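Reader: I would like to learn how to read a model of this kind, one feature at a time. Where should we start?

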Amino acid sequence: MVDLMVDSTGPLLRLWESRIEEGEVEMELYEDLRNYSADVISRACFGSSYLRGKEMFSKLRLLQKSLSKPNLFAEITGFRLVPSKSGREVAKLEREVHSLILELVKEGQASGEEKNLLQAILNGAKESSFTSQDKADAFIVDNCKSIYFAGHETTAAAASWCLLLLALYPEWQHLVRSEITQLCGDLSPDAQSLQKMKILTMVIQETIRLYPPGPIISRESLQDMKLGKLDIPKGLGIYIPLPTLHRDPSIWGPDALIFNPKRFANGVTSACTSPQAYAPFGAGARTCLGQHFAMLELKIVLSLILSRVAFIKDGDKSGLLFVCGDALQQRCQVFPGPHVHVDDLHRSYRCVILTILHTIFVVKILRSCTEGKE
Ligand code: HEM
C-alpha cells in the first residue's frame, strides 16, 4: 500500500513542477489533491483495472454534482417524482455507474487478483448470502460508492488544510520538513520511516481537530433515553457537530482556537480533558473504516510534497506562495480549495436546533457509543 501511495504522488509533483516551469501563476491546490486521492482509492480498490475505476469515479463525481445542484422544489413532497432534465441525467449516470462497477467486478474475477478492496467487498457479498443476484449487485455497487464518497474528498480536504496551516505557521513547517529530511534523506518514505513521523502526525491530528473533513457525525436513538435533563425519543436523529466539540475551551483549554500541534505530543488522552471529545474519524461501532488508510496516505503525500515544496503566506494578499525546488523565482498562488471555513460552520450550526444539546451531552453520546451501549 505504501508503494502504491508513493507512486500516485509522482504525477502530482510532476504536474506542479511543469506548471511552475511554464510560469503558471494560479493553481487550485484542492482539485489536484482530490485527483491524487481518487487515484489512490482507485488503485487500492480496483488493482490493475484502476483506470476504469477512475472512469467510474469521474461519473460518480458528475452524479454528486448533479445531485447537489440547488433545487428549491425538491423538498416538496412528491416533487422529486416529477420527470425533469436533471432527474433523467441522474438516472442515466446511476445506470452507467452501476454497469461500470459490475463490469469491473467481472474483470477483477477474470484476472484472479486477490489483494484489493473490491475483492474484499466481493468476499463480503458472498458471505452475506443474498437471496437474489440483484441484491448482491446492489451491495457491491453501494459499497464501491461509499468508499469513493467517504474516502477521497475527506483525505484531500485534510491535506489542503494541513498545507494551508503549515504556511500560516512556518515554524511548524520547518519542524515537519526537518523531521522528514532526518528520517528519509533523499529517499521516499517507507513503512519504517512513516511510523516514526511524530511531528507530522501531530500536525495532521491538530489540523483535523480544527477542520474535521467529516464535520458531522449522525446517529439515531434506538430507544427512548434520557440524556441529562433531555428526553430523547426513539427514532430521533442526532447530529454531532465536530468543530463545536473540537474547539470547546472547557475540553481543550484556553488555546482551543489556536493551531498548536504540540498538544498532541503525548497522545490524544493528554491533549484534552475527555478523549472521546476528539472524533475526527467518528466513534463506536460505525467509526471510519479507512482511518489508518487515510493517515498513511496523508503522511505519504505531505512528506513527499514538503520535501520538495515550501508554502509561504503571501503578504497581506489572500492565498499562498508556492516555492518549488530550483524554480525559486517563479512563484504561484495556491488556494486551499472550496471548503467551508470553520467560522461559517459555526454560524450554520447555530441554526441547527440540535446544537442546543450542550457539549457535555454530546460527549456522553460518544462515550456510550464507544462502549457499545448506543
Ligand atoms: C482524513 C480522512 C477521513 C476522515 C476525516 C474520515 C471521517 C469519517 C467519519 C467522521 C465517518 C463517520 C464515522 C461515525 O459515524 O462514527 C467516516 C465513516 C466512514 N469512512 Fe471515513 N474518513 C476519512 C477517510 C476515509 C477513507 C480513506 C476511507 C476508505 C478507504 C473511508 C471510509 C469510510 C467508511 C466506509 C465509513 C462508513 C463506516 C460505517 O458506517 O460503518 N474514510 N469517516
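Reader: Which helices each supply at least two residues of the shell around the ligand?

Author: A word on the source before the answer: this is a predicted model. The helices in question are α6 (133-151), α7 (153-168) and α14 (291-306). The largest share of the shell, four residues, comes from α6.

Reader: Which residues come nearest to the ligand, and what is the make-up of the shell?

Author: There are 23 residues around the ligand, and Gly151, Gly214, Gly282, Cys288 and Gly290 come nearest. By class, the shell divides into 13 nonpolar residues, nine polar and one charged.

Reader: How many helices and strands does the protein have, and what share of its residues is buried?

Author: The protein has 16 helices and eight strands. Of its 374 residues, 34% count as buried. Among contacts between residues at least 6 apart in sequence, 70% join residues at least 24 apart.

Reader: Back to α6. How do I read its length, and which of its residues are buried?

Author: α6 has 19 residues and reaches 27 Å from its first C-alpha to its last, close to the 27 Å expected at 1.5 Å a residue. Its buried residues are Ile140, Val141, Cys144, Ile147, Tyr148 and Gly151. Seen down the axis of α6, these fall within an arc of 135°, so they line one face of the helix. Asp134, Lys135 and Asp142, on the other side of α6, are exposed.

Reader: Is α14 mostly covered or mostly open?

Author: Mostly covered: twelve of the 16 residues in α14 are buried. Among them are Leu296, Glu297, Lys299 and Ser303. As for length, 16 residues at 1.5 Å each should span 22 Å, and the end C-alpha atoms of α14 are 22 Å apart, which agrees.

Reader: What do the buried residues of α10 pack against?

Author: They pack against α7, α8 (170-184), α11 (242-246) and α14. The buried residues in α10 are Leu200, Met202, Val203, Ile204, Glu206, Thr207, Ile208 and Arg209. The 13 residues of α10 should span 18 Å at 1.5 Å a residue; its end C-alpha atoms are 19 Å apart, which agrees.

Reader: Why does leucine 210 count as partly exposed?

Author: The class rests on a count of neighbours: 20 or more other C-beta atoms within 10 Å make a residue buried, 12 or fewer make it exposed, and partly exposed is in between. Leucine 210 has 18 C-beta neighbours inside 10 Å, so it counts as partly exposed. This residue is found in helix α10 (residues 198-210). Its C-alpha atom is separated by 19 Å from that of glutamate 297, 87 residues apart along the chain.

Reader: And histidine 98: where is it found, and how many other C-beta atoms are within 10 Å?

Author: Histidine 98 is found in helix α4 (residues 85-111). It has 17 other C-beta atoms within 10 Å, so it is partly exposed. The C-alpha atoms of histidine 98 and serine 68 are separated by 20 Å, with the two residues 30 apart along the chain.

Key. Residues numbered from 1 in each chain as written. Predicted model: local features only at pLDDT ≥ 70, side-chain atom pairs only at ≥ 80, totals over all residues. Near = placed C-beta within 6 Å. Nonpolar A, V, L, I, M, F, W, Y, C, P; charged D, E, K, R; others polar. Contact = placed C-beta atoms within 7 Å. Expected span 1.5 Å × (residues − 1). Arc of directions from axis to C-beta.
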